[in-house]
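Visitor: Please show me the model. I would like to go through it by question and answer.

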Amino acid sequence: MNYYKIRIRKVILYSVLLIGVIVTIAPFVWMISASLMPVGQANQFPPKFWPEKVTFEHYQTLFSRLNVTRYFLNSIVISLSITGISLIFNSMAGFAFAKYRFAGKQKLFKLLLSAMVIPAQVTMLPLFLMLNRMGFINTYWGVIIPGMASIYGIFLIRQYIISIPDSLIESARIDGAHDFYIYWKIILPVAKPILVTLALFTFMGAWNDFLWPLIVLTKDSMYTLPVVLANLMGEHVQDTEMMMAGSVITILPIIIVFLAMQKYYLRGIMLGSVKE
Amino acid sequence: MRFKIFTDMPKGNVAYLFLAPAMTAIFVFFFLPVMAALLMSFTDFDIYSLGDVSRARFVGFANYINIFQKPLFWQAIRNTAYFVVVGVPLSVVVSLLAAMGIQSKLVRFKPLFRLSYFLPVVATLVAVAVIWRFIYHPRFGILNYILGWFGIQEIDWLGNPKWAMPALIIMAVWKGFGYNMIIFIAGLQNIPESLYEAADLDGANARQTFRHITLPMLTQTTGFITLTTLIGYCQFFAEPYIMTDGGPLNSTLSIVLLMYREGFKYWRMGYSAALAFILFGIILIVTLIQMRFQRNYELL
Amino acid sequence: MKSRKRRNILGSRIQFLLLAFGILLLGCGSKTKDSRMIEFWAMGVEARHVRELLPQFEKENPGVHVKVQAIPWSAAHEKLLTAYAGNSTPDLCQLGNTWIPEFVVLDAIVPLNDFLKQSKVIQAENYFPGIWETNVIDGQLYGIPWYVDTRLMFYRKDLVEAQGYIELPTDWAEFFRLCEKLVEQQKTEYAILLPLNGWHEIVVMALQNGSKLLRDNGCYGDFEDPAFQKALRFYMDFYAKRLCPLGMSEVANIYQSFSDNYYAFFITGPWNIGEFQRRLPESMQSDWATAPMPSFDPAIPGISTAGGSSIVMFKSAASKPDVWKLVEFLSREDIQAEFFHLSGDLPASVVAWDIAGLRDNPRTEAFYRQLQHVVPTPKIPEWEQIAQKIQQYVEYAVFGKMTLEEATLELNGEVNKILEKRRWLLSKKQL
């Protein structure tokens with residue numbers, strides 16, 4: 001292939017990829033830009049891409065009048081709790097599946113794997129009634145409990161721990177370490193990369209989840225950010241700029257977390273998909 | 001003897017301790033509700049029963065029969081099928097193209113492209129819906145504005161029954177293709193470089209290389225992606241729930257949305273549970289068919 | 001050595017975090033409720049507007065606080081039901097008046113008769129009787145109308161006047177002839193829009209014709225009754241004579257088609273007054289008007305359906321006298337008029353119509369006249385489901401998938417199936 005041909009190919013390839021970047025990024029840029037526009041400027045023809053005058057009034061309204069701080073904290077508490085608890089539960093189970101032999105292991109594992117085909121929506125109704133009986137409706141626990149363990153998480157951790165050499169565990173055992181010590185002091189530190197990955201997955205899933213919190217949390221003081229945003233959509237349909245500010249507040253934390261930890265996140269997806 | 005260090009232990013009782021918390025949570029808060037839902041699907045549990053459980057009765061398969069007789073159910077099936085049949089191939093193709101573009105030897109700044117294509121995946125769906133509702137705005141929306149450059153008339157994307165579903169498909173593909181792209185990139189990285197070098201020596205052109213090396217080597221990856229996307233798209237819910245509420249004229253009513261409506265809006269829980277199991281059946285069938293097509297594919 | 005140390009730190013960090021969560025979660029479990037705090041749920045835009053009225057209420061009633069929670073209309077029903085199931089209903093709530101029967105069945109809301117007896121502010125005579133009636137179930141009053149809503153005729157005044165009419169015919173037969181003339185003379189493509197995805201039009205015609213829709217205390221459908229069949233036949237004539245387009249999707253934009261002479265009549269509600277003003281071109285603004293429904297019997301004004309929202313008090317309300325004070329406040333004439341100015345919702349209080357000057361505007365005056373003649377749809381929880389069925393079978397009949405007799409027969413069967421549970425409960429005396 002000659003140099004000239006390669007050159008043309010490069011140009012085409014780059015321009016296609018760049019259009020892709022514009023398509024994926026522009027909506028976010030516009031979201032931020034519109035959130036800084038004065039009232040009414042986003043509803044204009046032809047559309048305005050940049051604010052004529054930057055204003056923070058919508059953020060002010062959201063934080064002062066609509067008490068967004070509270071929702072932000074709700075989101076944080078719920079997402080962190082789900083992440084923390086599920087990390088412990090899943091890693092313990094993943095460890096057991098990877099490094100122990102016990103009666104019914106294969107059967108149990110197969111059962112869990114095939115259960116992944118069951119859509120979560122099947123459980124919604126009875127789960128609601130059940131948590132209601134237990135008094136968890138309109139509490140943080142109502143949202144946290146269904147996320148405490150996940151089959152996918154167990155599977156992901158098991159895949160990783162299985163590749164940890166047995167000799168590491170063996171030598172610890174010879175030193176007289178008991179099982180929980182091995183789990184806590186040897187397995188967890190070695191499995192740190194996958195734990196971080198899973199933590200990110202879980203956190204993002206919990207942060208972005210909207211249907212279950214919408215059902216379980218009845219009082220608005222308990223709402224999470226996505227639920228509030230969906231609510232605002234009903235109440236402030238016309239206030240485009242304010243809705244955009246709300247979207248920025250909802251999206252920004254998760255994007256920051258993602259950008260900071262993207263290395264782990266992307267690797268985790270590959271781990272979950274490629275058969276070792 | 002892989003587990004020999006533990007053979008001197010009382011047959012792995014410790015393992016059960018490690019399993020207990022996660023398994024309890026999964027059994028109590030997942031399997032039990034699934035069972036309960038199955039049971040419920042054979043009852044007429046409804047708004048009357050909400051205040052007083054004695055007002056529910058066993059009705060056998062009446063809910064299932066009832067569902068199959070409802071035109072709205074078939075409409076939901078058609079809509080979901082539309083979404084799946086158009087959306088899944090589109091999503092798979094777009095993510096494969098993106099992955100190949102980024103992995104091309106000619107391209108630098110790979111991480112940057114990867115990152116930007118992945119951003120929509122991370123973003124909160126509700127917020128994305130807020131943005132896209134405005135992109136689709138018939139008068140002030142950017143999409144119609146850009147289409148206007150090409151002389152295309154204003155389209156009422158979310159208000160017209162003909163366009164509402166394509167609009168949701170575009171948004172869903174935009175939101176999700178980055179995820180599959182990453183998996184494809186992993187798959188591409190696993191293809192030995194030597195294969196391409198050999199093809200190059202044989203004088204194969206780009207199309208031939210793609211057909212005879214890239215595609216066959218990605219069979220497993222493509223199978224995995226198609227399956228997961230398929231399952232995910234069958235459960236199409238949040239997009240229509242937030243963007244159109246199933247409208248206009250039920251043109252975006254999906255199975256899960258119908259289920260949600262029946263269950264939580266009208267509180268016909270028996271009926272809704274039956275719908276959930278029909279959906280489960282559909283997903284199971286789709287999975288089996290897909291796995292048959294992809295013979296050498298193993299579940300994860 | 002170094003790596004070993006790192007592990008220790010990691011281990012302790014996780015432990016620390018877990019502890020922190022535990023404390024955080026426990027801390028969030030306890031909550032105290034102020035008994036003089038009224039929780040008021042309102043839907044969508046109404047929530048925003050009612051908030052603006054409340055400072056005055058709080059000033060008039062020192063010590064009482066109102067917290068308004070907005071619920072989007074689209075999620076209102078499920079929100080209320082899950083709140084009921086989860087024992088976290090508000091004290092006071094806006095409720096679409098067709099939803100009241102459901103919450104009565106659930107035993108979730110308080111009868112207001114005793115409050116009403118002692119009230120100086122709220123008098124039944126100040127309300128449109130048909131609207132008031134929607135709040136009364138088995139002789140008990142469960143809600144106070146907040147704002148009202150009904151359907152009537154929006155029409156092209158210029159086209160009707162060109163046919164020699166001073167105003168819209170009040171008689172269906174005459175109206176039908178007018179429709180035929182418009183189409184014959186090619187003044188319009190079609191005459192009227194009767195969307196097949198709605199049920200109001202056929203239900204209004206049936207009610208006007210004396211059909212009760214249901215019989216035996218709402219236990220059976222009554223659609224094979226000649227009164228219903230006659231109404232349906234009349235309704236189908238609009239399609240048979242091509243006076244009405246089949247299928248809504250043909251009419252991509254109802255406002256544009258209205259000004260493009262695609263059709264001249266449209267049965268719809270008060271929210272469209274604003275929409276017509278906004279969306280019709282300037283040149284059209286003097287050419288459209290509203291009028292009450294025609295009638296089958298010219299001696300009796302044509303009735304329509306009673307819609308709108310009421311305010312209801314939940315059984316869980318902590319301080320019912322305080323809550324009632326808020327109900328009275330929202331029902332006061334001046335506040336009702338004020339609320340109209342904020343939201344555009346038609347006031348439930350008749351006096352407020354004069355204060356707000358609504359009767360001076362001929363377009364809203366038509367609604368005033370119509371509201372004197374509205375009736376509730378059957379007050380049973382299953383009504384919404386039944387309405388869906390009516391819509392579905394009417395569509396079958398119109399498209400010729402079934403004859404009129406087949407459609408009503410099957411509709412009756414379906415409705416009887418829906419009502420089976422109600423009959424069972426009534427027979428067990430559980431209702």
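Guide: A residue counts as buried if 20 or more other C-beta atoms lie within 10 Å of its own. Keep in mind that this is a predicted model.

Visitor: How many of the 17 residues of α10(A) are buried?

Guide: The helix is largely enclosed by the rest of the structure. That follows from its count of buried residues, so the number to quote is 13 of the 17.

Visitor: What span should helix α10 of chain A have at 1.5 Å a residue?

Guide: Helix α10 of chain A runs over residues 192-208. The expected span is 1.5 Å times one less than the number of residues.

Visitor: Which element gives the largest share of the side of chain C that touches chain B?

Guide: Here 19 residues of chain C are in contact with 15 residues of chain B. Elements that give two or more residues to the chain C side are α3 (73-85), α4 (100-105) and α19 (420-427). The largest share is six residues, and it comes from α3(C).

Visitor: How does that side of chain C divide into nonpolar, polar and charged residues?

Guide: Take the chain C residues that touch chain B. They divide into eight nonpolar, seven polar and four charged.

Visitor: Which element gives the largest share of the side of domain 1 of chain C that touches domain 2?

Guide: Chain C is divided into domain 1 (37-149 + 307-360) and domain 2 (152-305 + 379-427). Their C-alpha centres lie 30 Å apart. The contact takes nine residues from domain 1 and nine residues from domain 2. On the domain 1 side, the largest share is three residues, from α4(C).

Methods:
Residues numbered from 1 in each chain as written. Chains lettered and ligands numbered in written order. Predicted model: local features only at pLDDT ≥ 70, side-chain atom pairs only at ≥ 80, totals over all residues. Contact = placed C-beta atoms within 7 Å. Helix = DSSP H or I, 4+ residues; strand = E, 2+ residues; numbered from the N terminus. Nonpolar A, V, L, I, M, F, W, Y, C, P; charged D, E, K, R; others polar. Buried ≥ 20, exposed ≤ 12 C-beta atoms within 10 Å, placed from the backbone. Domains from an automatic or database assignment.
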